Amino acid sequence: MTSDCHVADPTLSSIRHAEPVLWANPARAADLPPVLDAGGQGISLDDTKAAAARLARWAGALAELFPELQATGGVIESPLLPAEALRPALGLPAQAGAIWIKADHSLPVAGSIKARGGLHEVLEFAERLALEHGLVDSATPPGAQVQAWRALASPSAKALFGRYTVAVGSTGNLGLSIGVAASALGFKAVVHMSADAKEWKKARLRQRGVQVVEHAGDYERAVAAGRAEAEADPFCHFVDDERSLSLLLGYSAAALHLQGQLQQAGIAVDAGHPLFVYLPCGVGGAPAGIAFGLRQLLGPHVHCFFAEPVQSPCFLVQMLAGAGAHPSVYDHGLTNATEADGLAVPRASLLAAELMQPVISGCFTVRDDNLFRQLVQVLDATGQRIEPSAAAGFSGPALLVGSDAGRQWLQSTGLESRLAQATHLVWTTGGLFVPAAEYERFEQRGRALLAQAPAA
């Protein structure tokens, strides 16, 4: 990251006062090189394709391990949903482009976007062990791999995997993804969870035989504790949300499937038809992976914006900080307290932030109350049930089109005249497994807020 990325006073003031703000990235590159640096490693579209190929060859084994995947043959994917009924609630003018939802809140197995990266890293680790011990052969032709990899759902494979532990630090959804996938394969699974994590997520993990270690501190402390414990055990693989390239590439594979969905829906992405993508952001690995994949596939005409709670804007703070810095939201007097538990992260992933410097178009922040309002608006307009963190992206279209910062950016980029042909894609991230009583509480709070005052 460069050191000349200065903080404008209004942006800094809004961050410190926990006010919603839209920041446009001045370092975004119109044309990306084929290979980008990621934590000292070069990654390209080939790496994204390799991650997608790994998920594909595991499909047969996954269908055997998870009955809910039998209908899709082991494929874990989410639908692309039209959401025009949301236009009035989002305050988006009629001539400001179409609205769609990428419904990762409905992903099977983990019930969140974390099914992508989390599953990929567990499968990559399992695959490495299987190759080392001769359970599968790297020389197997691609066309025969799905059948050959079915052996990795067998008792003999589970006996091998059972000698190892897979651990992770999480506020909730990544822990669910890693814990469920690892335990299904036969690994011992340990999830270090912060105080922000929801009780129902802890209970769901324990029901799957996953060991849950609770920490009184925040996400950062849970990760540090898990990392330290894993370093002392040569048979433990730690899934490091702050540093993992495997996680990031697993998320990036989503771009390949979305490209096909856009084509099937007749949605063009080119100079005359820009695509604006709004992604909830915690530590940054999931949105960074998706943004990387989308920019590699769709080029400069896709504009990714990361959404964060006003009390936990760790990625925005990092993007503003410059080279050599790794600030925390606490440094700005913020609490890191938010109902969006998956986004309650005080410090961003340097791997993700450095990779995203030339990639994303900006970041924005949203108040918790608005998460609950928009959770209800999504339910009423589309019937989709999402959790609060998954609602973060829905503030993006109105901020982009209606705020001073958004209008200035649209004018400066020449995109203002193309809004009528644009597509706004809000990426939802979790909610499938939220218990009914918990969701009812979310809904009641959202309806009470909508009755009091309009969204802010």
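The legends below describe close-up views of a predicted model.

**View 1. Lys114 in helix H5**. Lys114 belongs to H5, which covers residues 114-132. An unreviewed UniProt entry lists Lys114 under "modified residue: N6-(pyridoxal phosphate)lysine". In the model, Lys114 has a relative accessibility of 16% and therefore counts as buried, the limit being under 20%. Leaving out residues up to four places away in sequence, Lys114 touches Leu119, Asn173, Leu174, Ser177, Asp241, Tyr251 and Ala286.

**View 2. Packing of helix H8 against helix H9**. H8 spans residues 173-185 and H9 spans residues 199-207. Their axes come within 10 Å and cross at roughly 5°. H8 and H9 are therefore roughly parallel to each other. On the H8 side, Asn173, Gly175, Leu176, Gly179 and Val180 make the contact, and on the H9 side Trp200, Lys201, Arg204 and Leu205 do. By class, the residues of this contact are four nonpolar, three polar and two charged.

**View 3. Packing of helix H2 against helix H11**. The two helices, H2 with residues 45-57 and H11 with residues 245-252, pack at an angle of about 80°. Their axes are 8 Å apart. At this angle H2 and H11 are roughly perpendicular to each other, because the range for that class is 65 to 115 degrees. Asp47, Thr48 and Ala51 of H2 meet Leu249, Gly250 and Ser252 of H11. The contact of H2 with H11 is made up of two nonpolar, three polar and one charged residue.

**View 4. Lys102 in strand S5**. Lys102 lies in S5, residues 98-103. Its relative accessibility is 0%, so Lys102 counts as buried. Neighbours within four places in sequence aside, Lys102 is in contact with Glu77, Ser78, Pro79 and Leu80, among others. Further contacts of Lys102 include Arg116, together with His257, Leu258 and Gln261. The list also includes Leu425, Val426, Trp427 and Thr428.

**View 5. The buried and exposed sides of helix H12**. The buried residues of H12 (residues 254-264) are Ala254, Ala255, Leu258, Gln261 and Leu262. Seen down the axis of H12, these residues fall within an arc of 115°, so they line one face of the helix. Residues three or four places apart in an α-helix point the same way, because there are 3.6 residues a turn. Gln263 and Gln264 are exposed and sit on the face of H12 turned away from its buried side. H12 is followed by Gly266, which has a positive phi near 75°.

**View 6. Val109 and Asn336, residues with positive phi**. Most residues other than glycine have a negative phi. Val109 is not a glycine, yet its phi is positive, about 75°. Val109 lies in the loop between S5 and H5. With 4% relative accessibility, Val109 counts as buried. Asn336, also a residue other than glycine, has a positive phi near 60°. Its place is in the loop between helix H14 (314-321) and helix H15 (350-356). Asn336 counts as buried too, at 3% relative accessibility.

**View 7. Thr165 in strand S6**. Thr165 lies in S6, which runs over residues 165-170. Thr165 is buried, with a relative accessible area of 13%. Although Thr165 and Cys236 are 71 residues apart in sequence, their C-alpha atoms are 4.5 Å apart in space. Not counting residues up to four places away in sequence, Thr165 touches Lys188, Val190, Phe235, Cys236 and His237.

**View 8. Gln374 in helix H16**. Gln374 is found in H16, residues 368-382. The relative accessible area of Gln374 is 5%, so the residue is buried. Gln374 touches Leu90, Ala391, Phe394 and Ser395, not counting residues up to four places away in sequence. Gln374 and Leu450, 76 residues apart in sequence, have a C-alpha to C-alpha distance of 9.1 Å.

Technical notes
Residues numbered from 1 in each chain as written. Predicted model: local features only at pLDDT ≥ 70, side-chain atom pairs only at ≥ 80, totals over all residues. Heavy atoms only, no water. Helix = DSSP H or I, 4+ residues; strand = E, 2+ residues; numbered from the N terminus. Buried < 20%, exposed > 50% of the residue type's maximum accessible area, 1.4 Å probe, protein only. Contact = heavy atoms within 4.5 Å. UniProt positions renumbered as here; feature names shortened; annotations may be inferred. Arc of directions from axis to C-beta. Axes fitted to C-alpha atoms, helices over the stretch in contact; angles between N-to-C directions. Parallel < 35°, antiparallel > 145°, perpendicular 65-115°, else oblique. Nonpolar A, V, L, I, M, F, W, Y, C, P; charged D, E, K, R; others polar.
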